[in-house]
Structures are given as C-alpha cells and as structure tokens.
Protein chains: 2
Amino acid sequence: MRLSRFSLHTTKETPADAEIVSHQLMLRAGMIRRLAAGLYTWTPLGLRVLRRVEAIVREEMNAAGALELLMPAVQPAELWQESGRWDAMGPLMLRMQDRHEREYCFGPTHEEVITDLVRRDVRSYRQLPINLYQIQTKFRDEIRPRFGVMRAREFLMKDAYSFHMDAADLQREYDNMRAAYCRIFERLGLEYRVVAADPGDIGGSKSEEFHVLANSGEDELAVSDTGSYAANVEAAALPAPAVERPAPQSERAVVDTPGITTIDGLCQALSIPAEKTMKSVVVDGADGDPVLLLLRGDHQLNPIKAERLPAVAAPLAFADEAVIRRHFGAGPGSLGPVGADVRVIADHGVAALADFVTGANEDGRHLTGVNWGRDLPEPEFADLRNAMAGDPSPDGQGTLTLVRGIEVGHIFQLGRKYSESMQLKVLDEDGRDITPEMGCYGIGVSRIVGGAIEQCHDDNGILWPDAIAPFTLLICPIKADKSQRVRDAAGALYEACRSAGVNVALDDRGLRPGPMFADADLIGVPHRIVVGERGLDAGTLEYKARSADNATEIPHDMDAVLKAIGHART
Amino acid sequence: MRLSRFSLHTTKETPADAEIVSHQLMLRAGMIRRLAAGLYTWTPLGLRVLRRVEAIVREEMNAAGALELLMPAVQPAELWQESGRWDAMGPLMLRMQDRHEREYCFGPTHEEVITDLVRRDVRSYRQLPINLYQIQTKFRDEIRPRFGVMRAREFLMKDAYSFHMDAADLQREYDNMRAAYCRIFERLGLEYRVVAADPGDIGGSKSEEFHVLANSGEDELAVSDTGSYAANVEAAALPAPAVERPAPQSERAVVDTPGITTIDGLCQALSIPAEKTMKSVVVDGADGDPVLLLLRGDHQLNPIKAERLPAVAAPLAFADEAVIRRHFGAGPGSLGPVGADVRVIADHGVAALADFVTGANEDGRHLTGVNWGRDLPEPEFADLRNAMAGDPSPDGQGTLTLVRGIEVGHIFQLGRKYSESMQLKVLDEDGRDITPEMGCYGIGVSRIVGGAIEQCHDDNGILWPDAIAPFTLLICPIKADKSQRVRDAAGALYEACRSAGVNVALDDRGLRPGPMFADADLIGVPHRIVVGERGLDAGTLEYKARSADNATEIPHDMDAVLKAIGHART
C-alpha cells in the first residue's frame, strides 16, 4: 500500500473522552471513528487489523472441524420467548418492531437461532456431533459503553455452537475447542491465560475464559505459581483452609471507636493488623430477612459467590440502613455478629480467627478479644471472598498470584439448557428421543484488537505482533522530494517486497522524517526500513524493529531485508 | 471437504412458499434456512458461495484503488435528520430506541454515515479523491419480502462512496467503478448488462444498473439490436418520433359500446387494431385538480416518467372515481380528451394518430374518427410510456428488443446532494471552501447468489459457474461400503486434488449412486468424477461436467483430472 493513496488520519492529541490506552491509541492512529455512543467505524487502517484477527480465528476454527455459517442479526421475539430469555435479557437487548408491529431484537447472541436451525434439520444421531460457527455483528445495549471497541455496543464476535448425543462427546469437543483457542491466541502473538470462569447468565455447567494479559485489564485472575491452576478471581473457589483455630487468649472488651467506620480506621485506632478484624456485610436474604455475611478485615466479598448461597436473595442487594438499624440497633461501621438477630454466614477465612475485633452493634463501639464458641455461637461457614495474592492454590499446589486480564474468549458446556427449553430432539441408534448436549464457544474478535494494544504499546504508540499488524514493514524514504535516487530505490524496494509477499507499505506522503517516524511508531508497524542518500552511497539500508531501541544497518539487498523482518519467501 | 463431516441437508420436495426457482433450489439444496419473513440463515453450503462472490467483489474493488472500511449497522437518527431522509425513508427503514430512548435505525444504506466520517477527517483537496467501501449487512423492511435472498429484508451489500473536488473527477471515478463492476461480473461468470437507470430516491444525476440476465428477472430492459443502447425500460427516454400525422379521413361519430371498458374489448367490438385507440389515465395533479394522461392503446404508462412531470402530483396517484365523474361525466373505460374539463398531457406516440377512437365521456359510448386540431385542441406532449420491442432505439441506431434482468449493481453520480445537506466542505488549492462531488456504487452481494441460480439452472438443480461454486469438483465413489479399493482410490484422489489446490469435496456419506448423483446435480457442483471398480480395472475415471449431457472416460491420473476440470496447478 502506498500511504499517499491510503486514508491515514493520525493525531498527536489524546482524545479527552478516551479513558484507556487502547481507546486513545486507536483514535490517535485513526483506526476507528466514533459514530455514536458505543458505535465505531473501522477505518481502512483499523479494518486491516480486524480482518487479520478474523482470518486467524476462521482458519483455526475450520482446521478444528467447525463449519462456518451466517445467521441473521435481526431475530424474532418468539424464539427468545421459547427459551425464556426475552424478558431475562432486559435492556441489554436492543428491541424493535417491524412495519407489521412484530417484535424483533438485534441479536446479542445466537443460542436460540442455532437451536431452532438444528431442531429443524437434524433428526438422527448420524448427523451429530456438529459444530457450527459464524463471525458476525452483535449488539448489546451496555448501560455505559466505553473503552472504545473493548466495550462497544455493536461488535464483531465469533460464536460457535456444538451439539452432541451425550456429555462425554460434548467434553471431547469442548477440549477440541479449548485447544483451537490456544492455537488462535498463540498465533495472534499475545500473552494469554485460560482461567476457570463463572458461567453466569448464559447457563450451563463448566466454562473457561481466555484472557489477554494486560495491567489495565478489567478482570483479576488468580494464577498458581506452579502454573497448575488459573481462575477468574470471581470464580476461584477457595476451600476451607486446613488451619487450626488458636485457643482464646484475651477477655472480651468493649472499646469506644467514635467516628470509625472502616477497617483501615479501626486498625489505626487500635494498632492491630486487618487480619485480626472482621468485616460485617448485611444483605437481603432469600426469605426477606437480612443475612449477615462475615469476612476477615483484609478480605474482599465476592458478590457472585454470595449470590449463589440459597439463603441470600438474587440478585445480590445490600440491606437498607433502616432494616439494619432495626435488626442490629446500630448502623454500618459498627456491626458485628455478637447478639445479632439475623442469620450469620461467615467466610472460611473467619473460621481460624481467635481474639478478634468486630463491631459491637452500638454506634461508635467495637468489641475486642471476641472468640467463637465462647462469646457467640459458631456460624455457618461458606466460600464468600475473592482470592488474594498469597492464598494457597485451590488445587493444593503452590500459592496464588494475581494478574489482570481482558476477557476475549469464553467456552461453555451448556448442557441441555437450550435443547430442553426449545425441545430439540434427536433419535439415537435405538430409535429413542434424546435431548442433545450443547456447547458454545465465543471470541470477541473486535475486542481482541483493543486487548492486543493494551498488552503491546509504549509511550510512542502501538507495538503490533507481526501476525495482526496492519502492515508488516514500512518503507520510509528520507527527503524523497529532493532525490530521484531515493524515490527510485524506495519504490523498487517496495515493489520487490510486494512481489515477495510481504505486507508492505511505502510512506510516499512526502513528510519530514520526524512526523513520518512518529506515525510509524504510532500505528505500530513492526518493521521499518529507512532509505536515504547516505545509505545508498554505502549500499546499506537502516532497519529498525518497532520494539528495538536502536536501528541497525543492513545490506541493501532483498535477502537481508527478508531476513531482518523474518519473512520466508513465498 | 468430506461430505460426511459437512452439514448437507437436501430435499426433493419443492417448498410451497417459494415462488421462484432460485428460492426453491436454495431451500432444496439447503443453502439457506428461513428464520422469519425476509430473514435467512446461510448454511455452510450457502455461505461457501456467498463468500466466493464476496471475495471477487473485494479483490476487484481493491484492485480499482478503493479502500475497505466497516461502518456500524446501527445508525443514529440525527444524521438522517440532517440529510432530510429520516422521514423520507418511511417504513422501509427499521427504527429502534436504545435504553436511553435515543432513536436509531438499522442502516438501509450508508450515505449519511460516510459523509459524516469524511467531513470530520478530510479537510484538504490533498486528501481527495477517495473511494471508501464496505461489505456489510443492511436491513430494508420490505412490505412484502419474498423470493428468498432476492428480496430479503436483511442482506449483504457492497457499498462504495467516492468524494471528489469536481464533477470531472467524479466522472473519472465513475468510469473506473463501471469498469471494475464489469470485471466483477465477468469473473463471476454471469451474463449481464449495464443499463441506463433512474436514480430514484437516492438522488443525483447519472446512474446505471448492472443486471444479471434471466427470464424470471423482475426488471425489463430495453436493448438496441446494434448493442449501442441499453436502459431499464422504466428509464428508457423515448424522444418524439419523426413521423408525420396523416390528414383526417373520417368524420367524428359516436358509437355505443355498452359494458366495454378495456382496450382489448374495444378493439374486438369495433374490429380495429389497438394502435388506432387511445388510453385515458386520470391522475392527481400537482395543483389538486386531476390531469388526463393519454397513451396509444398498445402502449404502457411509465409511472416514473409520469411522476416526474411538474403538473403531476408525486408520488403518482390515480384519481378517485368520484373526482373523475365530476370532471368527465363518465367513469373509467369511457373517458377521453374530447370536451374534458382538465389539463391534458399526451404521450409522443399519440401525436401521430389520426381518425382515432377514444372514450366519449359518456358511460358506454366511444367516439370514432377523432382528429387533433379539428375535433379538439392539440394537447401538450411528453414522454410517458415504457419502451416496447420494435421501438426505434433512442440513440438512433437500430431498434429495441426487450430482455429481462435482475438488478445486482447500481452506480450513481450523486453530485452534491449529501455533501451540501450535511455541509461537507474541503479547502481547494487556493484555500477556498468547496463542496465535494459524490458518487456511490452498490452491489447486492447476497442477491447475486440468487441471480446466478435464476440464470444458471436446469430441471435437476443449480449449474454454478466455476468461479462461485461451493465446490469445484465432487468425487463420488461407487459402492464404497463394499470396496476398500474404491474407498482408497477415492480418498487418494481427494487428497491429491486438495494438495493441488482444487476446491474439492468427497461424497463419503455412503449413499447409493442415484441419491448421490441427484445431490451433486442439485447443489450444482460444476465437475463430477466417479470412482468405481470397473474404472479402476481399466485405469480410468468417469468425468462429467454438470452442464454436459454425458460422462466421459478419462485416464486415472492427476494431469487428466486437472485438465478435465480446467484447473491450473498452484
């Protein structure tokens, strides 16, 4: 591509409304343009990257035996009513009526449509297993679309759906897809993790997420230092630790803690570590009465785990202060389990505490030296908290560290959730009706582009992995306007690279070196070759990898160029 | 592709609701599946064809210098209000509100979005010309979606938009796109015509349509026998013929024609040819009063031409019978210009009539021997009718014949319609604000698939052109279940073809020859090779082109196979 004929619009200014680096760099490099909240046009530059990601995803899905199809974006309400999700999806689903006032949505996902397709065309076990996928535009009406393509409303997704005669065959295909996803992220050239996940609203049993690692990632991942365990913090199950509770040493006492309502404040006032304190969280119970959840002072409540407790109302809701005062006689900040007139559920981390500090259920007062059994009954115990760095790994091997990730893939064993509600039936070898097992496998194709930038950038711009760069090589002629020789040499090199199958661009826009190199760094082309008078005299070219600090001289011949950029002749 | 692992669902039955052959065959071959009215899933088989069409379109657009981007499907109302089309589009546009009750549409086209993009990024003449295109999903809420993918509501379109400093540069790019389109349709292997067209609602001056020829086509095309002229019948301008009007021969007389209200009935009753009669059509006038349009009895009114007359109301509406009776004193079937109390506009074809027959403006009566000038004043003349076979070609060379076509492409010179209404301005070399000229260029990618089938089929199924066939070659082993030797030979041939880059399928489903060949014919694979015991004994394979009546024997070696299917080794 000659950049003089390419629509490149870069800017130096960081757009005010872009909060994260990938959104900023995609706007500055001119990869996307905002049309409305959460709606972006992919410019020619941006689309080149998106298409390369898409191509890798498609090749690996095909190689794994999945079959590509294409389902409509607009879906009739009836199918969603059948599965029970028309109401459940709420305002996340963009709804519309056609000219005959029939109801439709812009599909946020396609479980219903694919199940309907399969129940009409598949009748016999001979036609299973099958894995069908598409790369298609979805819409989710996010409350607060932001972060550019990372949380856009309209986005490009690869969604695959598999159907099986039994759970063992589903497990086989799930493993097949897991392996295909690993190949995809390896080929993309991104550092990633597969972590155990919560299946969430989509339903089903087992699910795992694929995360691109980046410090800015929205998700926290707990990874064992032995590499044997990885889970989204929200899904990391923490079994009861095998720690003995020490015997009580102190007497229970009341201390005045006027104005202190936080763990930090309490620790400072009493000169104790947070590990000796207890956090009291009051939530609505399933039966209408409040429930007191207890955590160690340095632990964080995991709302998903809490919501899953039968005693707790779903969705999780914190109790009103009026309700709290009625049951505890005090407000948040001074609450505790001693004498509380509610059901008490404590995190396992609380079980090992002795002589601990907790709210006295009197405003401005706490209790010290509290002990289970002696001062109050043993509570129910449950897994209620997020994993922390230093926790023993749930698989018993090593300890956990925390890293941040961006979710770009999610694979699910759905089981029979959709095949049952939509009455998909297939005859088995003995002529009996079987309700097939389903799996589904998603990749956020457009989100990967943002995730790659979050992982791969520096102060000057993007550092694309070779596999998804808009151009592999950028040729920059110096003072070409004044030198026919430079123009000719750069043009000849450009044509030779094209012939060799290199994804090459020539910056023939006539810019001065400063702005030309700044653009090259900003748009993140992995390899740059400078053609100038001095090099032509010496028979050399100046090569610089985007990731390297300095340029090097290479001989002015194609073999040297191809070697420098790591390109095998096609 | 091994068909045992491919999701192929063919049926013998012709679906009841499919009116045209492409819709029937696409359903029978299992290329598409209906989700709701005008909404279709492209199955793996159908998508293979769609993607091949898409790839050819993309390659030629890129080769012509256009740059691909991707705009959102969902578009904010504000842009359409700016261009004035939010109301004008009416119920054809699918509208919706997001969770914040902001209005959007599912884009039926993208003039507004692209103009908005360009006005934000393009400031200088140095950035023009530019031609940006996308291959993207559109939605048009047709009153009566039908004919499968030919008139679907959701469909895949290639839409390109170009911007220019002046009309001459627009003309240059228009010619460039016209040539690219010709290459596209030639590569697709379809018989097509480029015809002059009416720009219609999209606006602008010049436009041409690309039609795939097929007897079932919705559009009638007028083509000169010299090949120098071609236009959509509705757009074929017919100049006043240079024919002298004969002198009157007969006296005017009143004849009773009870119950006769059609031209056919009148010709039969009076034993005269339709060319001696006159058709009277009363439409609403622009000023509220009715207007009488006159045509020769054998000519057809062209509503688009009529609507374009300043005296006629747009959109064209036929006058109510009450209004007609008030102005004419008679009802439709007995109307005529003699003594009519309305404005009269006659088609040029009427100008040469003498001694003609027309309604008497009395129910059940006609006038014979009527003559312009003598019996009534000369009317205004205009071009009001459709072209007919045998008409002189408007370019003065030869005569017209009529063929039928399916519109699959449309190129427009939009001029400044959108750049003006949306205030796109660019600085010229002298620093003055210029409102750029625009062109737009559309191809109905999904419609081409249906159009190709309308043109290329026989009683047994589809006959794909090689360029867009789902598979180029189908290998059919005979009685493979009983012969390891046949299985091995078919498998080896399949692998050899794959290695040679042939788009090959192996029918390893274990069907008997009859159903296997029926499927091969139905899905339209252009080349078929049968592997059987007898051939293996003789060292031969049985080759049959889908379009040929009979099979031939070819030597059992790869060179012979590749030669038979016309495949150059890759």
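Predicted model: local features only at pLDDT ≥ 70, side-chain atom pairs only at ≥ 80, totals over all residues.
**View 1. Edge-to-face pair of B:Phe6 and B:Phe471.** Over all chains, the structure holds 17 aromatic pairs. In the pair shown here, the ring centres of B:Phe6 and B:Phe471 are 5.6 Å apart and the ring planes stand at 75°, an angle over the 60 degrees required, so the arrangement is edge-to-face. B:Phe6 belongs to the segment before α1 (21–28) of chain B, whereas B:Phe471 belongs to the loop between β25 (461–462) and β26 (473–477) of chain B; the pair therefore ties together parts that are 465 residues apart in sequence. B:Phe6 has a relative accessible area of 7% and is therefore buried. B:Phe471 is likewise buried, at 0% relative accessibility.

**View 2. Edge-to-face pair of B:Trp372 and B:Phe381.** The planes of these two rings, B:Trp372 and B:Phe381, lie at 80° with their centres 6.3 Å apart, so this pair is also edge-to-face. B:Trp372 is buried, its relative accessible area being 6%, whereas B:Phe381 is partly exposed, at 30% relative accessibility.

**View 3. Aromatic cluster with residues from chains A and B.**

**View 4. Arginine over a phenylalanine ring in chain A.** The ring of A:Phe517 has the charged end of A:Arg528 over it, at 4.0 Å from the ring centre.

**View 5. Arginine over a phenylalanine ring in chain B.** Here the charged end of B:Arg528 is positioned over the ring of B:Phe517, and its distance from the ring centre is 4.0 Å.

Conventions:
Residues numbered from 1 in each chain as written. Chains lettered and ligands numbered in written order. Heavy atoms only, no water. Phe/Tyr/Trp six-rings, centres within 6.5 Å; stacked < 30°, edge-to-face > 60°. Helix = DSSP H or I, 4+ residues; strand = E, 2+ residues; numbered from the N terminus. Buried < 20%, exposed > 50% of the residue type's maximum accessible area, 1.4 Å probe, protein only. Lys NZ or Arg CZ within 6 Å of the ring centre and 35° of its normal.
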